[in-house]
Amino acid sequence: MAATAAALLGAVVPAAASADLNSDSKSSQAQAAGLAFAEQAKAAHLTKTQTTALQAKVDRYVNKTGGKQVAANKIDLNGKGELLVTVPGEKHPRDFAAGDGTRIAADPCLEGSVYSGWFCAYSGEVYQGDALRWYACGKRSMPWGGYGSWINDQTPGTRATFYNSSGGVYYVTAAPYSYSQSYYWTPVWHIRNC
């Protein structure tokens with residue numbers, strides 16, 4: 001409290017107190033974001049159980065990817081892609097960021113023009129489940145295993161490369177438009193989408 005008052009009055013604040021102010025500010029921002037995400041879930045008529053289960057999934061993915069939660073079910077992957085998380089028990093991610101969260105989120109790999117520039121990976125088969133979407137070129141971690149699917153809808157000639165646990169090439173996709181309705185993700189540890 002004294003450090004806050006001193007800071008407001010323009011007094012010199014010791015480094016430890018300044019660190020506390022930054023920590024308090026980040027904590028306040030996280031709390032405000034958490035309330036906003038809870039409001040999104042409420043507007044979408046999720047039960048408390050659904051909201052808690054969704055947030056637990058999002059938290060696990062944030063820990064695995066290093067991304068930042070930006071909506072009740074959306075993780076920004078450092079401006080280079082996004083991960084949309086399904087409400088447990090549902091087949092497709094919802095759009096909580098726009099509207100009331102009752103509609104399925106648009107999918108750039110399934111909707112719109114061919115060669116949209118996106119690479120999409122799904123935790124479920126036939127383009128269902130949690131969805132990773134990358135536009136910017138880069139190598140990123142694969143946060144799930146088991147059977148899923150993928151779509152390469154990048155620019156003509158662009159292939160995605162899947163890497164195993166030792167960093168070796170495991171698989172290279174065909175050029176766009178290419179896809180797999182059923183793909184076994186467990187041996188894939190990283191993907192370079194371009």
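The structure holds two disulfides, a disulfide being a pair of cysteine sulfur atoms within 2.5 Å. The model is predicted: local features need pLDDT of at least 70, side-chain atom pairs count only at pLDDT 80 or more, and totals for chains, interfaces and linings use all residues. Residues are numbered from 1 along each chain as its sequence is written, and side-chain values use heavy atoms, with hydrogens and water left out.

Strands (E, at least two residues) are DSSP runs, numbered from the N terminus. Cysteine 109 is buried at 3% relative accessible area, and cysteine 120 is buried at 0%. Here buried means under 20% relative accessible area, exposed over 50%, and partly exposed in between (1.4 Å probe, protein chains only).

The other disulfide joins cysteine 137 to cysteine 194, with an S to S distance of 1.5 Å. Its S-S torsion is about 70°, so this disulfide is right-handed. Cysteine 137 lies in the loop between strand E5 (128-134) and strand E6 (139-141), while cysteine 194 is in the segment after strand E11 (190-192), 57 residues apart. Cysteine 137 is partly exposed at 49% relative accessibility, and cysteine 194 is partly exposed at 30%. With the bonded cysteines numbered in sequence order, the pairing is 1-2, 3-4.

The loop between strand E3 (81-84) and strand E4 (118-124) also contains valine 114, which is partly exposed at 48% relative accessible area.

Methods. Helix = DSSP H or I, 4+ residues; strand = E, 2+ residues; numbered from the N terminus.
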